[in-house]
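I opened my notebook for a walk through this fold, from its domains to its sheet, helices and ligand shell. Here is the structure I had on screen.

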Amino acid sequence: MSRNVAVVGAGIVGLSIAWRLMRDGVEVTVLDGGEPGAWQVAAGMLAPGGESAFEHPALGRLLERSAQRWPSFAEALGVEVGYDDSGTLSVAMTADDVAEAARVWTRQKLPLLRPSELREREPALSPRVRTGVFAPGERQVDPRRVVAALREQLSTHIVTKKVDKVEEVGAETVVVAAGCGTAAVTGLPVRPVKGQILRLRGEPGLIRHILRATVDGRHVYIVPRADGEIVIGATQEERTDHAVTAGGVHELLRAALELVPDLAECTLAETSVGHRPGTPDNAPLLGRLDDDGRVIVAAGHHRNGVLLAPITADLIAGLVAGAEDPMLTDFSPRRF
Ligand SMILES: Cc1cc2nc3c(=O)[nH]c(=O)nc-3n(C[C@H](O)[C@H](O)[C@H](O)COP(=O)(O)OP(=O)(O)OC[C@H]3O[C@@H](n4cnc5c(N)ncnc54)[C@H](O)[C@@H]3O)c2cc1C
């Protein structure tokens with residue numbers, strides 16, 4: 001059992017690990033360079049049943065197990081973090097959109113709802129919506145609130161420092177959880193996947209569920225928060241820049257307004273960009289990097305870092321304590 005651990009990265013993953021270690025009685029320090037993290041823009045959907053879960057069954061199990069941990073994780077934080085289990089309506093507009101969305105719906109084994117049933121659940125939906133499904137297992141949390149809660153509890157453990165190499169960190173064990181920054185620190189293949197995302201402000205209650213849609217071939221999601229914030233996301237671009245583009249904003253707003261015309265009355269409160277930490281197989285890197293076990297990696301969570309934070313914290317805290325969960329085998333950072 002290592003009693004002295006440095007965590008590199010104060011994003012949602014690094015902080016969750018550090019918090020768990022602190023609660024286990026481990027002496028933990030978090031080193032963060034102050035770069036923007038993906039958590040700052042993330043929508044906070046906790047959606048374990050997406051396409052990636054079918055393409056990578058081990059990842060599907062990891063997502064599912066983390067989703068199950070979210071209610072107790074949110075409660076243990078001790079403050080309101082926007083955890084909401086109203087579920088998701090996934091809908092489609094044109095016949096082509098229905099055909100595409102149906103691939104996922106069939107795998108999820110969810111019954112198709114008629115337009116009238118959809119609008120009963122979600123009165124603000126456009127009459128153009130043809131069909132959809134209700135996914136009760138998909139929840140949400142506000143990542144900004146989660147990180148604020150974790151930072152508050154870890155405030156005396158966080159140091160502002162950009163780490164260039166793991167060798168410069170003196171702790172007994174180093175956990176690298178630096179999101180996209182993990183590539184520079186470890187040499188592992190973590191690439192930034194740009195996402196543009198919007199935040200509107202409207203009447204609380206205008207939208208009751210998370211909405212996911214395929215609108216004229218474009219994927220969009222709308223995440224309503226209890227306080228009237230409405231998150232619309234997100235583009236997915238293999239780019240490293242931070243530009244909010246006219247095309248990106250247009251694409252998201254066009255799809256969202258097609259889906260819920262009343263959104264036109266909302267204020268456009270924020271446009272932002274973040275970079276998801278992607279890996280060659282888009283599954284996370286979790287485990288020991290070297291033979292002596294001093295360096296542990298917890299990165300590459302791509303589109304699901306918020307969802308995967310609780311299970312990542314548990315698995316990595318277990319490793320620090322000397323217990324290697326068999327689940328880690330499929331996510332070894334040494335697989336590349
Ligand atoms: C538009 C968008 C929408 C998203 N929506 C969702 C969603 O709905 N649900 C979901 O589960 N996930 C979502 N994600 C993905 C999620 O945000 C990421 O998977 C998650 O933030 C990864 O967490 P992290 O802590 O590994 O990295 P980050 O959140 O990126 O944090 C990395 C931290 O490491 C620090 N750092 C980097 N390099 C160094 C260094 N060398 N030294 C010290 N510190 C360093 C940075 O300063 C930063 O604080 C979304 C992402 C984007 C971009």
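Domain bounds here come from an automatic or database domain assignment. I kept in mind throughout that this is a predicted model.

**Entry 1: domains**
I began with how the chain is divided, and found domain 1 (4–79 + 141–189 + 279–335) and domain 2 (88–135 + 192–278). I looked up the separation of their centres over C-alpha atoms, and it is 27 Å. For the contact between them, I noted 22 residues from domain 1 and 23 residues from domain 2. On the side of domain 1 that touches domain 2, I listed nine nonpolar, ten polar and three charged residues.

**Entry 2: the sheet**
Next I traced an open sheet of seven strands, and I wrote its order as β5-β4-β10-β11-β12-β9-β13, with mixed pairing. Which strands stand at the edges? They are β5 (131–135) and β13 (267–278); each has a single partner strand, so one side of each is left without a neighbour in the sheet. I read an average twist of 20° from one strand to the next.

I then looked at one pair in detail. Strand β10 (residues 210–215) pairs with strand β11 (residues 218–224) in the antiparallel sense, over five bridges.

Helix α8 (residues 246–259) lies across β9 (191–201), β10, β11, β12 (229–233) and β13, and I have it running at about 70° to β11.

**Entry 3: α3 against α9**
How do the axes of helix α3 (residues 57–77) and α9 cross? I found that they come within 7 Å and cross at roughly 85°. Angles of 65 to 115 degrees count as roughly perpendicular, and α3 and α9 are therefore roughly perpendicular to each other. Among the contact residues I marked W70 and F73 of α3, with L307 and P310 of α9. By class, I wrote down nine nonpolar, one polar and two charged residues for this contact.

**Entry 4: the ligand shell**
I finished with the 42 residues around the ligand, where G11, G37, G179, G181 and G305 come nearest. The elements giving two or more residues to this shell are α1 (12–23), β2 (27–32), β9, β13 and α9 (305–320). I sorted the shell residues into 21 nonpolar, 16 polar and five charged. Going back to the domains, I saw that domain 1 and domain 2 each give the shell at least three residues.

Conventions: Residues are numbered from 1 along each chain as its sequence is written. This is a predicted model: local features need pLDDT of at least 70, side-chain atom pairs count only at pLDDT 80 or more; totals for chains, interfaces and linings use all residues. Two strands pair if DSSP finds at least two bridges between them. Helices (H or I, at least four residues) and strands (E, at least two) are DSSP runs, numbered from the N terminus. Axes are lines fitted to C-alpha atoms, for helices over the stretch in contact, and angles run from 0 to 180 degrees between N-to-C directions. Two residues are in contact if their C-beta atoms, placed from the backbone, lie within 7 Å. A residue is near a molecule or strand if its C-beta atom, placed from the backbone, lies within 6 Å of it. Ala, Val, Leu, Ile, Met, Phe, Trp, Tyr, Cys and Pro count as nonpolar, Asp, Glu, Lys and Arg as charged, and the others, Gly among them, as polar. Angles under 35 degrees count as roughly parallel, over 145 as roughly antiparallel, 65 to 115 as roughly perpendicular and the rest as oblique.
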